[in-house]
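Good morning. Please put the model up on the screen, and I will walk through it in order.

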Amino acid sequence: MTSAVPSFELLPGADGSPVILHVPHSAREIPPDVRAGIVLDDAALERELDHIVDAHTAELAQGAAGASEIAPWRFVNRLSRLVVDPERFPDEREEMLAVGMGAVYTRTTHLSDLRSADTDPEPLIERYFRPYAKAMTDAVADRLAVAGRAVIIDVHSYPTDRLPYELHGEGPRPPVCLGTDSFHTPPELLTAAREAFATCGQTALDSPFSGTYVPLEFYGTEPRVAALMIEIRRDTYMAEPGGPAGPGLTRLAQALATLVDAASR
């Protein structure tokens, strides 16, 4: 038995837009057959989803797209990151394997068991991770072909208080964290992000989370692919953990739209 919810969705923007808003961690949906491999009871699973889901980030991207002068494309994961995490390396390169959170998680945010430690990740990687990676690669290739460049804006959120799984959570936790890559984040994109989110409170660079998502086919080799990660502290727009969105979401959507417009020019 599988879920009727598609694994991911590419929502078209303006034909000439180079921007893709990537929303990998906003969903709570877990197909029943995948749920069967998770050892948490239903109540504990709901609590884990409250902590791990970047709640309301799909709505944030949708609001930004609607407010942008040139509508960006949106690539949205429709399944929970507890199915697979599309932003992890699917092999031993992934440092989060140290806490049981590679592409297929075996541990929770509080380092308790999520799946059996001897779970074979390959079936889930084959079924969900690789098709997602290929579709995102194709989406970026399409923007390169049509617009001559691609700008990936990775839309995330993070909890106000550090969770036990975080490997590098000892630094500042600003309202907006900007994750960068030395090859793929040009200075002008970073400047535009700082200006766009100035109305939302302090921004900081690569703290508490660093880096940004670029499909491996282009990573470190294609300078026409720019990328930036936006990590928004959850207390700025929602009740934690897992609660409803508040008025801060509208302000953040407008800021993201301002960044989209700057990146589209």
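First, the ground rules. This is a predicted model, so local features need pLDDT of at least 70, side-chain atom pairs count only at pLDDT 80 or more, and totals for chains, interfaces and linings use all residues. Residues are numbered from 1 along each chain as its sequence is written, and side-chain values use heavy atoms, with hydrogens and water left out.

Now the chain as a whole. It has 6 helices and 7 strands. Helices (H or I, at least four residues) and strands (E, at least two) are DSSP runs, numbered from the N terminus. Starting from that end, the order of elements is β-β-α-α-α-β-α-β-β-α-β-β-α.

How does the radius of gyration of the chain agree with that of a compact globule? For 265 residues the globule would come out near 18 Å, and the chain has 17 Å, so the two agree. The radius is taken over C-alpha atoms, and the globule rule is 2.2 Å times the number of residues to the power 0.38. Along the principal axes, the C-alpha atoms fill a box of roughly 50 × 35 × 35 Å.

Of the 265 residues, 55% are buried. Buried means under 20% relative accessible area, exposed means over 50%, and partly exposed is in between (1.4 Å probe, protein chains only).

Contacts come next, where a contact means heavy atoms within 4.5 Å. Taking contacts between residues at least 6 apart in sequence, 79% join residues at least 24 apart.

On to the rings. A pair of aromatic rings is described by the distance of the centres and the angle of the planes. The rings counted are those of Phe, Tyr and Trp (its six-membered ring), and they pair if their centres lie within 6.5 Å; planes under 30 degrees apart are stacked, over 60 edge-to-face, and the rest tilted. The structure holds 4 such pairs.

Take F8 and Y132. Why is this pair called edge-to-face? The ring centres are 5.6 Å apart and the planes are at 80°, so edge-to-face is the label. The two partners are 124 residues apart, with F8 in strand β1 (residues 8–11) and Y132 in helix α4 (residues 122–147), so the pair links distant parts of the chain. F8 is partly exposed at 25% relative accessible area, whereas Y132 is buried at 3%. Together with F75, these two residues form one aromatic cluster.

Another pair is Y158 with F209, also edge-to-face, at 5.9 Å centre to centre and 70° between the planes. Y158 belongs to strand β4 (residues 150–158), and F209 to the loop between β6 (203–205) and β7 (225–233), 51 residues apart. Y158 is buried, with 1% relative accessibility.

E166 is in the loop between β4 and β5 (176–179). Is E166 buried or exposed? It is buried, with a relative accessible area of 4%. Leaving aside neighbours within four places in sequence, E166 is in contact with P159, D161, R173 and F209.

Now some backbone details. Most residues other than glycine have a negative phi, and most peptide bonds are trans. Here are some exceptions.

In the loop between β6 and β7 we find D206. Phi of D206 is near 55°, a positive value in a residue other than glycine. D206 is partly exposed at 27% relative accessibility. P208 is in the loop between β6 and β7 as well, and the peptide bond from S207 to P208 is cis, with omega near 10°. A cis bond also joins E240 and P241, with omega about -15°. P241 lies in the loop between β7 and α6.

H56 is not a glycine either, yet its phi is positive, about 70°. H56 is in the loop between α2 (42–52) and α3 (57–67), and at 17% relative accessibility it counts as buried.

Last, two glycines. G220 is in the loop between β6 and β7 and is partly exposed, with a relative accessible area of 37%. G246, in the loop between β7 and α6 (248–264), is partly exposed at 29%. Beyond residues up to four places away in sequence, G246 touches Y237 and M238.

That is the end of the walk-through.
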